[in-house]
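Could you walk me through this protein model in my viewer, telling me what to select at each stop and what I will find there? I am new to structures, so please keep it friendly.

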Amino acid sequence: MGYALHRVEGIGPPFLVVHEQVVLIPRSGCQRVDNRVRKLIFILQGECGHRLADVGGKSVEVTLRAGDVMVLPHAHPHEYLSPVPYTSYRLHALRLAFDPELVPPLSPAGNGPPESADPETDLAAFVCRHFREFHHLPGGQDAAIRELLSQMRAEAQEERAGYRFRVGAICTSLVTLIARQ
């Protein structure tokens, strides 16, 4: 499937983990991911197809390119598709996953638990409210988001005092910027 780089856990609720990942698409042309968490994916390098089947009764297929962002709120498998048939391929992305106990993934039909907290004072409720549907944001990484991604990489690599707090703050900023898009 791939491997993780610069993995940071323990960054505080509602986040589970943030890490860069290299997705390896085999020669068969398809890498299936059994998604069990709500997450944001920032495409850093590469280009490939992406398929999310049977969400809300339909299949969604998009082309991912460096600079794109995906919002994946469903506990549902998805697939990365090689741009060149019968050729293995790599896609470099940053994955921000939410703790499924605090931010439960939606069912493929879009059903989830009712919100009980104020989304303007509770980050988990904010994520539940604003990330209810699959979204592909072509070119969604503007200058502010690219700067935050760069800062996150530096914090994860250097692991200086308080780096987890800083990474958590960066993740909160990323969530807010993506929700505003």
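Before the first selection, one definition: a residue is called buried when its relative accessible area is under 20%, exposed when that area is over 50%, and partly exposed in between. Keep in mind too that this is a predicted model.

**Stop 1**

Select glutamate 159, which sits in the loop between H2 and helix H3 (163–180). Is this residue buried or exposed, or something in between? Glutamate 159 has a relative accessible area of 49%, so it counts as partly exposed. Now look at its backbone: phi is positive, about 50 degrees, although glutamate 159 is not a glycine. Most residues other than glycine have a negative phi, and most peptide bonds are trans. You will find this residue just after H2, which makes that helix a handy next selection.

**Stop 2: helix H2**

Select residues 143–158, the 16 residues of helix H2. At 1.5 Å a residue they should span 22 Å, and the end C-alpha atoms are 23 Å apart, which agrees. Aspartate 142 caps the helix, with a side-chain oxygen 3.2 Å from the backbone nitrogen of alanine 144.

Which residues of H2 are buried? Colour Ile145, Leu148, Leu149, Met152, Glu155 and Ala156 to see them. Turn the view until you look down the axis of H2: these buried residues fall within an arc of 125 degrees, so they line one face of the helix. An α-helix has 3.6 residues a turn, so residues three or four places apart point the same way.

**Stop 3**

Side chains of opposite charge can pair when their charged atoms come close. How many salt bridges does the structure hold? There are eight, and we will visit some of them.

Begin with glutamate 155 and arginine 160, whose side chains meet in a salt bridge at 3.0 Å, N to O. Glutamate 155 counts as buried, at 10% relative accessibility, whereas arginine 160 is partly exposed at 47%.

Next, select arginine 153 and glutamate 20. They form a salt bridge too, and their closest N and O atoms are 2.5 Å apart. This pair links distant parts of the chain: glutamate 20 is in strand E2, arginine 153 is in helix H2, and they are 133 residues apart. Glutamate 20 is buried, at 4% relative accessibility, while arginine 153 is partly exposed at 34%.

**Stop 4: a bridge between two strands**

Move to glutamate 47 and arginine 65, another salt bridge, with the closest N and O atoms 3.5 Å apart. Glutamate 47 lies in strand E5 (residues 47–55) and arginine 65 in strand E6 (residues 58–65), so the pair ties together parts that are 18 residues apart in sequence. Glutamate 47 is partly exposed, with a relative accessible area of 34%, and arginine 65 is partly exposed with 43%.

**Stop 5: a cis peptide bond**

Select proline 13 and proline 14. What joins them? A cis peptide bond does, with omega at about 5 degrees. Proline 14 is found in the loop between strand E1 (2–9) and strand E2 (15–25).

**Stop 6: helix H3**

Select residues 163–180 for helix H3. Its 18 residues should span 26 Å at 1.5 Å a residue, and the end C-alpha atoms are 26 Å apart, which agrees. Colour the buried residues Tyr163, Val167, Gly168, Ile170, Cys171, Leu174, Val175 and Ile178. They cover an arc of only 160 degrees around the axis, which puts them on the same side of H3.

**Stop 7: two cysteines**

A disulfide is a covalent bond between the sulfur atoms of two cysteines. How many disulfides does a search of the whole structure find? The search finds zero. Cysteine 128 is in no disulfide, and the nearest cysteine sulfur, that of cysteine 171, is 16 Å away.

Note on methods. Residues numbered from 1 in each chain as written. Predicted model: local features only at pLDDT ≥ 70, side-chain atom pairs only at ≥ 80, totals over all residues. Heavy atoms only, no water. Disulfide = S-S within 2.5 Å. Helix = DSSP H or I, 4+ residues; strand = E, 2+ residues; numbered from the N terminus. Expected span 1.5 Å × (residues − 1). Buried < 20%, exposed > 50% of the residue type's maximum accessible area, 1.4 Å probe, protein only. Arc of directions from axis to C-beta. Polar contact = N/O pair within 3.5 Å; in protein donor to acceptor, adjacent residues only side chain to side chain. Salt bridge = Lys/Arg side-chain N within 4 Å of Asp/Glu carboxyl O.
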